[in-house]
Amino acid sequence: MEVDIRLAAERLRQEEATRGAAQLVTPGDTVTGDGGFMRGHGTYKDGENLVASVAGFVRRINRLISVQPLKARYNGEIGDVVIGRVIEVQQKRWKVDTCSRLHSLLMLSSVNLPGGEQRRKTQEDELAMRSYLEEGDLISAEVQNIFSDGSLSLHTRSLKYGKLSQGVMVAVPSNLVLRRKNHFHDLPCGATVILGNNGYIWICATAVGEDGGAGTGGYVQNLERVPLPEREVISRLRNCILALAGSWMMLYDTSILYAFEASSKFQARDLLKPEVMAEVADLTRKRLDLEAAE
Amino acid sequence: MISADMKSEEGDLDEDTINNFTCELGVLSQCDGSATLCNGLTAVLVATFGPVEVRQQRELVDRSSIEVTFRGPHGVEGVEDRRVEQLVRSTLEQCVFAALHPRTAVSVVLNVLETDDLLLLSTCVNAAVLALLDSSLSMKYLPAAVTCVPVGDRVLVNPLPSERQGSSGGSVTAVYDTGSERLVACRTAGQLSAEQLTSCLREARRAAALVRQLYRRAVAAKFSKEPRDPWAGPSRAEDMPPSWRRLGGQQTGEQSTS
């Protein structure tokens with residue numbers, strides 16, 4: 001098995017991209033002394049001056065000035081699809097980690113019962129919580145509500161949400177996942193991808209036939225061994241997603257698919273090398289720009 | 001990786017001034033922000049998480065609780081480690097916008113890779129600031145720490161052990177707000193006369209401006225890796241959400257300040 005070790009000094013160095021007129025600021029830099037601007041995210045007012053509070057580029061939209069950093073913890077909106085990991089089982093609710101500032105909560109009243117029946121949850125259901133979701137389980141859910149302290153309330157009330165099994169989760173910065181109407185994609189290569197708005201992405205093999213896996217709310221788990229070709233597809237997809245995220249490209253079904261096709265000339269394990277990742281991202285970007293130009 | 005040879009940049013500082021600084025942002029993948037900083041013979045790796053969920057005992061209702069953990073290079077943790085934690089925490093509490101994230105915690109973990117005791121404190125503070133820059137936490141200003149040693153009638157800034165021959169053992173570690181040039185924190189060790197203290201603080205203030213340049217270059221290097229603006233959105237019309245298309249193309253637009 002070959003191992004790739006590199007010195008930090010010899011790492012691939014990207015040439016400084018020309019940023020044009022965009023202005024890079026660090027905390028404490030004065031963005032503008034003109035008092036006529038509105039203060040956006042990433043800035044604060046110090047007397048008459050607007051001062052940056054994060055490191056990033058200054059964005060001006062009419063009279064609103066904000067400084068946007070490269071990444072931030074996930075800020076939930078109602079209706080977002082998120083993927084989370086159960087941290088704790090508490091009384092009548094689960095605490096779920098969704099890479100936001102506070103843990104999200106999945107209330108017992110917000111989950112479906114096996115078979116899809118709708119009824120009030122009893123004492124027995126409370127005691128049986130651990131049999132459904134334990135610490136360490138991955139779930140897909142939707143944001144139902146936001147509490148006053150900013151933490152999210154999740155629900156898995158549809159059959160397409162629920163416990164996830166037999167797949168790979170990839171974590172990317174949450175602002176790289178494009179907000180779309182549909183976050184569940186069945187790619188033609190044979191894998192299903194769930195793009196969580198919080199930056200957690202789930203890749204698994206597409207369940208063949210209906211009523212299997214994805215459509216049962218997670219109560220029926222398919223624990224059969226995933227065959228090797230599908231495992232290779234999943235690994236390749238995961239590496240492609242990391243390649244796109246490493247070059248700060250937006251992630252949506254088309255870009256992931258193009259990256260997958262562009263990576264076919266490399267072996268899946270070579271996709272972890274920085275120069276190969278940069279090349280795959282570059283090819284994907286060119287193809288997307290070409291289509292946009294048409 | 002960014003290294004700064006301070007001697008070649010500022011001609012009017014003394015020859016035996018600031019050693020090579022080498023730093024890198026984003027070295028660890030699982031945490032919100034991370035940085036390595038090497039200053040002379042001292043190297044520190046810092047990881048930061050935050051704002052994250054906080055334990056009940058440490059919870060503050062109106063602000064974020066900043067937790068600093070210091071892991072020395074060897075031995076069991078002792079009182080000296082707590083002193084380093086206390087200085088870093090008090091510096092960060094002043095410069096971080098903790099009131100923006102109440103009932104959360106910002107956790108900063110300092111790991112010492114190599115040390116020559118004298119520069120440890122200033123390297124820890126600078127590395128913590130770099131890691132917080134990497135994690136994009138809101139800060140009011142960037143503090144910069146410098147260690148000065150008076151030798152005879154000169155003041156050495158961040159000296160190597162070989163350069164410190166002949167000093168009386170006193171040293172000053174000063175943290176300055178690089179924007180307003182005000183003193184944020186100061187810790188002395190050994191014996192110093194009043195004149196030595198004031199001249200050390202003066203030299204530290206000048207040197208802090210160079211540390212600020214290092215921060216800017218590290219951030220610029222990090223941002224230069226992105227060849228495309230991630231907030232520009234998708235280029236194909238079909239990939240845009242329907243609400244964007246109604247506005248006639250890209251929503252936010254690239255109206256950057258000129």
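## Annotated domain

A UniProt record, an unreviewed entry, places the feature "domain: K Homology" at residues 167–207 of chain A. UniProt positions are given in the numbering used here, feature names are shortened, and annotations may be inferred rather than shown by experiment. The end C-alpha atoms of residues 167–207 of chain A lie 11 Å apart, and the span is 0% helix and 46% strand. Helices (H or I, at least four residues) and strands (E, at least two) are DSSP runs, numbered from the N terminus.

## Basis of the model

This is a predicted model, in which local features need pLDDT of at least 70, side-chain atom pairs count only at pLDDT 80 or more, and totals for chains, interfaces and linings use all residues. Residues are numbered from 1 along each chain as its sequence is written, chains are lettered from A and ligands numbered from 1 in the order in which they are written, and side-chain values use heavy atoms, with hydrogens and water left out.

## A sheet in chain A

Chain A contains an open sheet of 4 strands in the order 1-6-7-3, with mixed pairing. Its edge strands are strand 1 and strand 3 (38–39) of chain A, each of which pairs on one side only. Two strands pair if DSSP finds at least two bridges between them.

Strand 1 and strand 6 (residues 56–61) of chain A run antiparallel and are joined by 2 bridges. Val25(A) has Gly56(A), in strand 6 of chain A, as its bridge partner. In general, the strands of a sheet pair through backbone hydrogen bonds, either parallel or antiparallel.

## Residues in their surroundings

Thr30(A) belongs to strand 2 (residues 30–32) of chain A. With a relative accessible area of 40%, Thr30(A) is partly exposed (buried means under 20%, exposed over 50%, partly exposed in between; 1.4 Å probe, protein chains only). Residues up to four places away in sequence aside, Thr30(A) touches Asn49(A), Leu50(A) and Val51(A) (contact means heavy atoms within 4.5 Å). Thr30(A) and Asn49(A) are 19 residues apart along the chain, and their C-alpha atoms are separated by 6.5 Å.

In chain B, Ser107(B) is part of strand 6 (residues 104–114). Ser107(B) counts as buried because its relative accessibility is 16%. Beyond neighbours within four places in sequence, Ser107(B) is in contact with Ala47(B), Thr48(B), Phe49(B) and Glu67(B).

Val3(A) is found in the segment before strand 1 (24–25) of chain A. Val3(A) is exposed, with a relative accessible area of 63%.
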